[in-house]
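Welcome! Take a look at the structure below, then work through the exercises, each with a step-by-step solution.

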Amino acid sequence: YLNKRGANARVEAGGDVFGRPTSYLMDKDDRPKDPFDRRYIIVSMSPNAEEPTRRTFFISGLNDPNTWNPLDFDVKESNPDPVMLVYSAYEILHVFGSQTTELWQNTGNALSAFQRLPGGGVIDTGAVNPWAICKMDGTIVWLSFDARGQYTAWQLQGATPVRISNHAIENHWSNFDASGAS
């Protein structure tokens, strides 16, 4: 089942647990977060022992959050890092991996509603976990790792990530483990 907030939710079939949703794109009134997504629910599954590099995300039926066709999925394909979360903001679907992010849009295509932005749509920074992201000042802000494994904060300006944390705060953050924060 999927609960309203996506917390502690599990997807089960025949008693076997396949993973837990890392994203459930609904607002507090049970409506999708952005107008372009109002017709779909999009979820990604956490990497697990059986599939540590899980790169798929799943799309509900058009205008029907109760219908899930097993063929309605897409794959984060630019880099083999696992999908950490999917996040909808400002008519763009952000598919965050642990090291890279892909930008997708709803094209209205009947066979595959979402496609990566033309020209690449790939950002060379990922996300720490599904809970360390928010909308702020007309853009999104998230927590990531840098090349040394240090936490860094980023803000998206257009399709360009801009580091908004400084070395002092990043050094302080190194005392914490945010990889499983909830």
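**Exercise 1: a sheet of three strands**

Work out the strand order and the pairing sense in the open sheet of 3 strands.

Solution. Reading across this open sheet gives β3-β4-β5, and the pairing is antiparallel. Neighbouring strands here are turned by 25° against each other on average, direction ignored. Two of them pair if DSSP finds at least two bridges between them. For the angles, axes are lines fitted to C-alpha atoms, and angles run from 0 to 180 degrees between N-to-C directions.

A note on the model: it is predicted, so local features need pLDDT of at least 70, side-chain atom pairs count only at pLDDT 80 or more, and totals for chains, interfaces and linings use all residues. Residues are numbered from 1 along each chain as its sequence is written, while side-chain values use heavy atoms, with hydrogens and water left out.

**Exercise 2: a sheet of four strands**

Describe the open sheet formed by 4 strands.

Solution. Its order is β11-β12-β13-β14, with antiparallel pairing. The edge strands, each pairing on one side only, are β11 (133-136) and β14 (160-163). On average, neighbours in this sheet are turned by 35° against each other, direction ignored. Next, β11 and strand β12 (residues 139-145) run antiparallel and are joined by 4 bridges. Finally, Met136 stands opposite Thr139 in β12.

Key: Helix = DSSP H or I, 4+ residues; strand = E, 2+ residues; numbered from the N terminus.
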